[in-house]
Amino acid sequence: MRMEHDRMAAIDKLFNARSVAIVGATPDLTKLGSSAIVAMHNLGYGGTIHPVNPRYDTIMGHPCVASVADLPDGVEAAMLNVPADAALDALEACAERGIRAIVLVAQGFGEAGGPGHARDARVLQAAARHGLAVTGPNTNGLANPVNGLAMAIAPVYQFAGRVRPGSVGLISQSGAMVSSILSKMTPRGIGISKTVTCGNELVLGVSDYLAYMAQDPQTEVVVLFLETIRDP
């Protein structure tokens, strides 16, 4: 029971963190590293955003640090928007800093075969050792429109007003379908509590997000878009 409680607490930080790090952040709006900050600005996130990139001092009005090691204490979640090997190093650095809620965007893991399997093993080892809740890899991320948190690269979140807060949760194994589904909901007056793209489901899968949303007081309805059931 203790392990399950810790797991739910870590998942909760993915959706309700009040201080987040965006590793690989950039002010270049043509690159995915800008997406999460733009999305949180659009949704009115009231927490603290910490861009991580050694090339900048500030990004979109937020002080930027060079590495995970330079982050202040109290960061509760991190989005790793860098290539696979750099993302692995960042994930392990986050774990050492006590950041247990991770969105791992990169491709090049198990879905790629070969060295991707070795990368999977490193993620699983770090997750087991530190009790990490990891979304992905190979994910478009997640969001909580109610509080404005969005560690997401989904195109729909790049435009203000495209997603409205409400009580419907969306769990999708397809990244492309998240924006498509959400774009149909807002014109129909349907508000969203949380969205997540599961990616490779290396650590967290559909059942984990469903168990979390089933007890989430903000969520009254859960929509699933499934392509497979990995573990019946």
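Buried means under 20% relative accessible area, exposed means over 50%, and partly exposed lies in between, with a 1.4 Å probe and protein chains only. By that rule Glu201 is buried, with a relative accessible area of 12%. This is a predicted model, where local features need pLDDT of at least 70, side-chain atom pairs count only at pLDDT 80 or more, and totals for chains, interfaces and linings use all residues. Residues are numbered from 1 along each chain as its sequence is written, and side-chain values use heavy atoms, with hydrogens and water left out.

Stay with Glu201. Its place is the loop between β11 and α6. Helices (H or I, at least four residues) and strands (E, at least two) are DSSP runs, numbered from the N terminus. Glu201 has a positive phi of about 55°, although it is not a glycine. Which side chain does Glu201 meet in a salt bridge? The partner is Arg230, at 2.5 Å from N to O. A salt bridge here is a side-chain nitrogen of Lys or Arg within 4 Å of a carboxyl oxygen of Asp or Glu. The pair links distant parts of the chain: Arg230 sits in the segment after β12 (221-225), Glu201 in the loop between β11 and α6, and 29 residues separate them.

How many salt bridges does the rule give? The count comes to seven. One of them joins the side chains of Lys13 and Glu76, at 3.1 Å from N to O. Lys13 lies in helix α1 (residues 2-16) and Glu76 in the loop between β4 (62-63) and β5 (77-80), so the pair ties together parts that are 63 residues apart in sequence. Lys13 counts as partly exposed, at 33% relative accessibility. Glu76 is also partly exposed, at 24%.

Next take Asp73 and Arg97. Their side chains meet in a salt bridge of 3.1 Å, N to O. This pair links distant parts of the chain, with Asp73 in the loop between β4 and β5 and Arg97 in the loop between α3 (84-96) and β6 (101-104), 24 residues apart. Is Asp73 buried or exposed? Asp73 is exposed, with a relative accessible area of 72%. Arg97 is partly exposed, at 30%.

Salt bridges can also share partners. Asp89, Glu92 and Arg122 are joined into one network in that way.

Helix α3 also holds Leu91. Leu91 is buried, with a relative accessible area of 0%. The C-alpha atoms of Leu91 and Val23 are separated by 9.8 Å, while the two residues stand 68 residues apart along the chain.

Rolling a probe the size of a water molecule over the atoms shows where empty space is left. A cavity is a set of points, on a 1 Å grid over the protein atoms alone, where a 1.4 Å probe fits but cannot get out; lining residues have an atom within 4 Å of a point. Grid points are joined across faces, edges and corners, and a volume is the space filled by probe spheres set on the points. The count comes to one cavity of 30 Å³ or more. The largest cavity has a volume of about 40 Å³.

Which residues line the largest cavity? The lining consists of Asn140, Gly141, Leu142, Ala152, Ala154, Tyr157, Val178, Thr195, Val196 and Thr197. The largest share, three residues, comes from β11. By type, the lining divides into six nonpolar, four polar and no charged residues. Here Ala, Val, Leu, Ile, Met, Phe, Trp, Tyr, Cys and Pro count as nonpolar, Asp, Glu, Lys and Arg as charged, and the others, Gly among them, as polar.

Move to the surface. Leu210, Leu224, Leu226 and Ile229 form a nonpolar patch there, with about 340 Å² of accessible area together. Patches are made of residues with over 30% relative accessible area and no salt bridge; like charges are joined within 9 Å, nonpolar side chains (Val, Leu, Ile, Met, Phe, Trp, Tyr) within 5 Å. Accessible areas come from the Shrake-Rupley method with a 1.4 Å probe; for residues, only the protein chains shown count as cover. Leu210 belongs to helix α6 (residues 206-214). Leu210 is partly exposed, at 33%.

Two backbone details remain. A cis peptide bond joins Gly136 and Pro137, with omega about -5°. Pro137 is placed in the loop between β7 (133-135) and β8. Met60 has a positive phi of about 50°, although it is not a glycine. Met60 lies in the loop between β3 (58-59) and β4, and is partly exposed, with a relative accessible area of 26%.

Terms used. On a 1 Å grid over the protein atoms alone, a cavity is a set of points where a 1.4 Å probe fits but cannot get out, and a pocket is an open set with protein on both sides within 12 Å along at least five of seven lines; lining residues have an atom within 4 Å of a point.
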